[in-house]
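Thanks for coming. I have one model to go through, and I will keep to a few local features.

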Amino acid sequence: MNIFLQLAHAFLKVGLFGFGGGFAMIPLMHSAAVFEHGWLTASQFAAAIAMGQVTPGPVAISATFIGYKAAGLPGALVATVAIFAPSLILMVFLEKFYLKVRGTELTQAVMHGVLPVVVALILNAAVSLGRPTLNAWWPPVVALAVAALA
(Lines give C-alpha, C1' and ligand atoms only; values in the text may rest on other atoms or scores of the structure.)
Protein backbone atom coordinates (compact mmCIF):
# COMPACT_ATOMS: atom_id res chain seq x y z
CA MET A 1 0.00 0.00 0.00
CA ASN A 2 1.19 3.52 -0.78
CA ILE A 3 2.79 5.30 2.21
CA PHE A 4 0.32 8.19 1.90
CA LEU A 5 -2.66 5.82 1.98
CA GLN A 6 -1.13 4.10 5.01
CA LEU A 7 -0.70 7.44 6.77
CA ALA A 8 -4.23 8.55 5.89
CA HIS A 9 -5.74 5.23 7.00
CA ALA A 10 -3.79 5.08 10.26
CA PHE A 11 -4.50 8.66 11.29
CA LEU A 12 -8.13 8.61 10.19
CA LYS A 13 -8.53 5.65 12.59
CA VAL A 14 -6.71 7.53 15.35
CA GLY A 15 -8.83 10.62 14.78
CA LEU A 16 -12.05 8.62 14.72
CA PHE A 17 -11.41 6.28 17.66
CA GLY A 18 -9.24 8.53 19.85
CA PHE A 19 -12.20 9.64 21.96
CA GLY A 20 -11.19 11.68 24.99
CA GLY A 21 -8.70 14.11 23.51
CA GLY A 22 -5.09 14.07 22.48
CA PHE A 23 -3.76 12.03 25.38
CA ALA A 24 -6.28 9.29 24.63
CA MET A 25 -4.93 9.22 21.06
CA ILE A 26 -1.36 8.50 22.14
CA PRO A 27 -1.74 4.71 22.52
CA LEU A 28 -3.42 4.50 19.11
CA MET A 29 -0.70 6.60 17.47
CA HIS A 30 1.99 4.57 19.25
CA SER A 31 0.55 1.31 18.00
CA ALA A 32 0.27 2.54 14.41
CA ALA A 33 3.58 4.39 14.17
CA VAL A 34 5.85 2.01 16.09
CA PHE A 35 4.33 -1.47 15.95
CA GLU A 36 2.10 -1.68 12.87
CA HIS A 37 4.09 0.34 10.34
CA GLY A 38 7.51 0.88 11.93
CA TRP A 39 7.64 4.52 10.89
CA LEU A 40 9.31 5.44 14.21
CA THR A 41 11.24 3.78 16.99
CA ALA A 42 9.90 4.02 20.54
CA SER A 43 12.34 6.84 21.35
CA GLN A 44 11.41 8.72 18.17
CA PHE A 45 7.75 8.36 19.10
CA ALA A 46 8.46 9.79 22.56
CA ALA A 47 10.19 12.72 20.81
CA ALA A 48 7.12 13.16 18.59
CA ILE A 49 4.87 13.41 21.64
CA ALA A 50 7.32 15.84 23.25
CA MET A 51 7.23 17.98 20.10
CA GLY A 52 3.43 17.91 20.27
CA GLN A 53 3.63 19.20 23.84
CA VAL A 54 6.10 21.96 23.02
CA THR A 55 4.06 23.38 20.16
CA PRO A 56 0.88 25.34 20.81
CA GLY A 57 -2.23 23.35 20.11
CA PRO A 58 -3.44 19.83 20.68
CA VAL A 59 -1.37 16.72 21.32
CA ALA A 60 -2.73 15.29 18.07
CA ILE A 61 -0.36 17.59 16.20
CA SER A 62 2.24 14.90 16.94
CA ALA A 63 0.77 13.23 13.85
CA THR A 64 2.47 15.94 11.81
CA PHE A 65 5.89 14.92 13.14
CA ILE A 66 5.14 11.23 12.56
CA GLY A 67 3.94 11.91 9.01
CA TYR A 68 7.06 13.98 8.34
CA LYS A 69 9.36 11.21 9.58
CA ALA A 70 7.47 8.65 7.48
CA ALA A 71 7.14 10.55 4.18
CA GLY A 72 8.50 14.07 4.41
CA LEU A 73 6.42 17.23 4.05
CA PRO A 74 3.62 15.58 2.02
CA GLY A 75 3.38 12.87 4.70
CA ALA A 76 3.11 15.54 7.40
CA LEU A 77 0.26 17.17 5.53
CA VAL A 78 -1.59 13.87 4.98
CA ALA A 79 -1.22 12.81 8.63
CA THR A 80 -2.32 16.20 9.96
CA VAL A 81 -5.42 16.40 7.77
CA ALA A 82 -6.30 12.77 8.46
CA ILE A 83 -6.11 13.02 12.25
CA PHE A 84 -8.28 16.14 12.46
CA ALA A 85 -10.80 15.31 9.69
CA PRO A 86 -12.99 12.81 11.62
CA SER A 87 -13.62 15.11 14.58
CA LEU A 88 -14.21 18.12 12.35
CA ILE A 89 -16.72 16.25 10.20
CA LEU A 90 -18.48 14.72 13.21
CA MET A 91 -18.73 18.07 14.98
CA VAL A 92 -20.29 19.72 11.96
CA PHE A 93 -22.94 17.00 11.69
CA LEU A 94 -23.56 16.47 15.41
CA GLU A 95 -23.58 20.08 16.62
CA LYS A 96 -27.36 20.60 16.51
CA PHE A 97 -28.10 17.15 17.92
CA TYR A 98 -25.70 17.56 20.84
CA LEU A 99 -27.08 20.97 21.77
CA LYS A 100 -30.49 19.31 22.19
CA VAL A 101 -29.35 16.32 24.28
CA ARG A 102 -26.37 17.60 26.28
CA GLY A 103 -28.41 18.22 29.42
CA THR A 104 -30.20 14.87 29.52
CA GLU A 105 -29.44 12.28 32.16
CA LEU A 106 -28.46 9.68 29.57
CA THR A 107 -25.91 11.98 27.95
CA GLN A 108 -24.43 12.87 31.33
CA ALA A 109 -24.28 9.18 32.31
CA VAL A 110 -22.48 8.27 29.08
CA MET A 111 -19.97 11.09 29.57
CA HIS A 112 -19.29 9.99 33.15
CA GLY A 113 -19.00 6.37 32.02
CA VAL A 114 -16.42 7.21 29.36
CA LEU A 115 -14.24 9.16 31.79
CA PRO A 116 -12.60 6.10 33.46
CA VAL A 117 -11.81 4.66 30.03
CA VAL A 118 -10.09 7.88 29.02
CA VAL A 119 -8.09 7.88 32.26
CA ALA A 120 -7.04 4.27 31.60
CA LEU A 121 -5.92 5.16 28.07
CA ILE A 122 -3.86 8.08 29.39
CA LEU A 123 -2.24 5.85 32.02
CA ASN A 124 -1.48 3.27 29.34
CA ALA A 125 0.21 5.97 27.26
CA ALA A 126 2.21 7.15 30.26
CA VAL A 127 3.42 3.63 31.01
CA SER A 128 4.27 2.96 27.34
CA LEU A 129 6.22 6.20 27.03
CA GLY A 130 7.84 5.87 30.45
CA ARG A 131 9.02 2.28 30.17
CA PRO A 132 12.18 3.14 28.13
CA THR A 133 13.27 5.63 30.83
CA LEU A 134 13.32 3.01 33.59
CA ASN A 135 17.07 2.50 33.31
CA ALA A 136 17.82 4.32 36.56
CA TRP A 137 16.18 4.78 39.97
CA TRP A 138 15.43 8.49 39.71
CA PRO A 139 12.91 8.73 36.78
CA PRO A 140 10.16 6.82 38.66
CA VAL A 141 10.89 8.86 41.79
CA VAL A 142 10.56 12.13 39.84
CA ALA A 143 7.36 10.86 38.16
CA LEU A 144 5.84 9.96 41.53
CA ALA A 145 6.86 13.31 43.03
CA VAL A 146 5.29 15.18 40.12
CA ALA A 147 2.12 13.07 40.39
CA ALA A 148 1.93 13.76 44.12
CA LEU A 149 2.40 17.49 43.61
CA ALA A 150 -0.20 17.57 40.83
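Helix 2, residues 22–36, has 15 residues and spans 20 Å from its first C-alpha to its last. That is close to the 21 Å expected at 1.5 Å a residue, where the expected span is 1.5 Å times one less than the number of residues. Helices here are DSSP runs of H or I, at least four residues, numbered from the N terminus.

This is a predicted model, and local features need pLDDT of at least 70, side-chain atom pairs count only at pLDDT 80 or more, and totals for chains, interfaces and linings use all residues. Residues are numbered from 1 along each chain as its sequence is written, and side-chain values use heavy atoms, with hydrogens and water left out. Mean pLDDT, the predictor's confidence in each residue from 0 to 100, is 87 for the protein chain, and 99% of its residues reach 70 or more.

Where does helix 2 bend? The bend is at Leu28, by about 30°, taken as the angle between axes fitted to the seven residues ending there and the seven starting there.

After helix 2 comes Gly38, with a positive phi near 65°.

Now Ser62, in helix 4, residues 62–101. Ser62 is buried, at 1% relative accessible area. Not counting residues up to four places away in sequence, Ser62 touches Met29, Ala48, Ile49 and Gly52. A polar atom of the Ser62 side chain lies 2.9 Å from the backbone oxygen of Val59.

Note on methods:
Helix = DSSP H or I, 4+ residues; strand = E, 2+ residues; numbered from the N terminus. Buried < 20%, exposed > 50% of the residue type's maximum accessible area, 1.4 Å probe, protein only. Polar contact = N/O pair within 3.5 Å; in protein donor to acceptor, adjacent residues only side chain to side chain. Contact = heavy atoms within 4.5 Å.
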